[in-house]
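Me: I am new to this structure. Please show it to me, and then let me ask what lies behind the terms.

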Amino acid sequence: MRNYGKSRLIDCNPEIGGIRVAMQARLSLRENPDGTVSLVPHPIRRAPNYDEYLNVKFTEEDRDNLKKTGNLGRVAKVVDPVTGELLPSFISIDRVTNETVSVPVRDINICLLYTSDAADERSSV
């Protein structure tokens, strides 16, 4: 799925406790341990959680960064809910749903567009 693995907002009516509830949510796909794929809803939250995310307690500076930019502004060690492993991760707030999300640093791929040689060649032209 595009947009960092989530859909745009869609209207959905899940059944919760035998009652249909109208809501808007983004959707993502998750691979299960057995290889099957599940649809995961990400409903809109009333407000972001500026106190903590999983095992990470936010400082006052963290809260300010999240409110101003939507990003934590530093790498935090986030516990993986499946393995229990501490993963250096970027934390941010989804501006559409107010959900706090994280991406492990190891999953970020940055393409190097210019090497120092290419940059030197461009500057001499």
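Predicted model: local features only at pLDDT ≥ 70, side-chain atom pairs only at ≥ 80, totals over all residues.

Me: Why is Thr 100 called buried?
Reply: Buried means under 20% relative accessible area. Thr 100 has 11% relative accessibility, so Thr 100 counts as buried.

Me: Where is Thr 100, and which residues is it in contact with, leaving aside neighbours within four places in sequence?
Reply: Thr 100 belongs to strand S10. With those neighbours set aside, its contacts are Asn 49, Tyr 53, Phe 58, Ile 91, Ser 92 and Ile 93. Contact here means heavy atoms within 4.5 Å.

Me: Why does Thr 59 count as partly exposed?
Reply: Partly exposed lies between two limits: buried is under 20%, exposed is over 50%. Thr 59 has 40% relative accessibility, so Thr 59 counts as partly exposed.

Me: Where does Thr 59 sit?
Reply: Thr 59 is in the loop between strand S7 (56-57) and helix H2 (60-69). Thr 59 is 13 residues from Leu 72 in sequence. In space, their C-alpha atoms are 9.9 Å apart.

Me: How much of the chain counts as buried?
Reply: Of its 125 residues, 26% count as buried. The chain exposes about 9500 Å², and carbon and sulfur atoms supply 53% of that area.

Me: How do you know that S8 and S9 pair?
Reply: Two strands pair if there are at least two bridges between them. S8 and S9 are joined by six bridges and run antiparallel.

Me: What makes S9 and S10 a pair?
Reply: The bridge count again. At least two are needed, and S9 and S10 have five, in the antiparallel sense. Ser 92 stands opposite Val 101 in S10. Their hairpin has six residues between the strands, and Asn 98 takes a positive phi near 70° there.

Me: How do you know that S4 and S5 pair?
Reply: The cut-off is at least two bridges. S4 and S5 are joined by seven, and they run antiparallel. Leu 29 has Leu 39 in S5 as its bridge partner. This hairpin has five residues between the strands, with Gly 35 at a positive phi near 95°.

Me: What is the volume of the largest pocket, and which residues are closest to its centre?
Reply: The volume is about 1300 Å³. Its lining has 44 residues, and those closest to the centre are Lys 6, Tyr 53, Val 101, Ser 102 and Val 103.

Me: What makes a residue part of the lining of the largest pocket, and which elements supply at least two?
Reply: A lining residue has an atom within 4 Å of a pocket point. Helix H1 (2-5) supplies at least two such residues, and so does each of the strands S4 (23-31), S5 (37-43), S8 (71-79), S9 (86-93) and S10 (100-104).

Me: How do the residues of that lining divide?
Reply: They comprise 21 nonpolar, eleven polar and twelve charged residues.

How values were computed. Residues numbered from 1 in each chain as written. Heavy atoms only, no water. 1 Å grid on protein atoms, 1.4 Å probe; cavity = no way out; pocket = protein on both sides within 12 Å on 5 of 7 lines; lining within 4 Å. Points joined across faces, edges and corners; volume = space filled by probe spheres on them. Nonpolar A, V, L, I, M, F, W, Y, C, P; charged D, E, K, R; others polar. Buried < 20%, exposed > 50% of the residue type's maximum accessible area, 1.4 Å probe, protein only. Areas by Shrake-Rupley, 256 points an atom, 1.4 Å probe, with all protein chains shown as cover.
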